[in-house]
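Please look over the protein model below.

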Amino acid sequence: MISAVMPTYAREDIAFVSGEGVYLVDASGRRYLDFGAGVAVTALGHCHPHLVEALTKQAATLWHCSNLYRIPGQERLAQRLVDASFADSVFFCNSGAEAVEATLKLARRYHDETGHPERFRVITFAGSFHGRTLATLAAAKQERHMAGFAPMPDGFDQVAFGNMNELRAAITGETAAILVEPVQGEGGVRPADAEFLRALRKVADEFGLLFLLDEVQTGMGRTGRLFAHEWAGVEPDVLAVAKGLGGGFPVGACLAKEHVAKTMKAGAHGSTFGGNPLAMACANAVLDVMLADGFLPAVEAKAARLRKRAEAVVAAHPRLFLGVRGVGLLIGLQCKIPNGKLIGQLRANGMLAVGAGDNVVRLVPPLIVEDSHIEAAMAILEKSCAELEKTEF
């Protein structure tokens, strides 16, 4: 008999009942070091006191208000994101997929409003992941995600990640934009070279295309900057962000420069729940912490420590690993053995990690992780590797 919860996930038989900082606690009382962070969502860990206070205060005041009216928390968050980024205007939604959808719609709308409705196609990259809606599946073109859902929406042309020759060859009179992740998270924690991002920006300007960034996973401090593209010294025209934005509360956003955002008139796009008071309270509280002096530099320092320690463990087990990838606190361990075996062994030893494409294990701890947690995690990784070395894989 089918489960009451639709079986769209291959779930582990663990039910977590509470969380505190970088730890989750299961129904039996066992504590797990959470280096998955709900797939890079709980950026400030579990039950961060400032978020709990902000959410409970808002919950006792006003839960929901339609976007037919002004929402002060939304206006404040939008202004803070504008002040801290390249953007001039922000649209709020509920998830990363919705944020990317809004980004794609903006690209079409911009060209339609500026006299080029024939420009609707978007160039994307092999190995990408942009969400689970039909349009975002079509953008990423991953066979395993599209299986059974054909036909896919038209309008996407894909080229090899990092290949500028293929990109230039794919540009036609119908091309509207280029969409890229600064780090392909689901695709195997594959960072885009800074020079590649700068070249994309240059080509977009040369051909009158919009430069779109999917920072759903890399945004909100994950790489040691508020947004990962800042490392390359480039600015997009539009950017999608979600995951860490609400610190665990569902919220996404589409940030855009004025020349693009102003083409979205009233009624062109919307969201019933997007930007509601609860989500805005959480996201403003996240920004309170992330924009405080020293927070992002501390993330960068902790990321360097995690990278160094992970590289040492990987180097000590050449039968298990091919190498280490990633930027900031988005680390990928490329495995020779099935990545699920390592994830299972880590879990058995009290640590949670997340799989990714190209047989990679992702380590994406909360940004509040401390050196002691990193040392504990690396001790578990070392122990798990030693145990796996004794098996037939």
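The points below are grouped by topic.

This is a predicted model, in which local features need pLDDT of at least 70 and side-chain atom pairs count only at pLDDT 80 or more, while totals for chains, interfaces and linings use all residues. Residues are numbered from 1 along each chain as its sequence is written, and side-chain values use heavy atoms, with hydrogens and water left out.

**Strand S14 and its cover**
- Helices (H or I, at least four residues) and strands (E, at least two) are DSSP runs, numbered from the N terminus.
- In a regular strand, side chains alternate between the two faces of the sheet.
- One side of S14 carries Leu-330, Gly-332 and Gln-334, the other Ile-331, Leu-333 and Cys-335, and both are covered.

**Strand partners**
- S14 pairs with S13 (residues 321–327) in the antiparallel sense over 6 bridges; pairing requires at least two DSSP bridges between two strands.
- Cys-335 in S14 is the bridge partner of Phe-321.
- The S13–S14 hairpin has 2 residues between its strands, and Gly-328 in the turn has a positive phi of about 60°.
- S17 (residues 360–363) also pairs with S14 in the antiparallel sense, over 4 bridges, and Arg-362 in S17 is the bridge partner of Gly-332.

**Helices H3 and H10**
- In contact (heavy atoms within 4.5 Å) are Gly-73, Gln-74, Arg-76, Leu-77, Arg-80 and Leu-81 of H3 with Met-280, Ala-283, Asn-284, Leu-287 and Asp-288 of H10.

Technical notes: Buried < 20%, exposed > 50% of the residue type's maximum accessible area, 1.4 Å probe, protein only.
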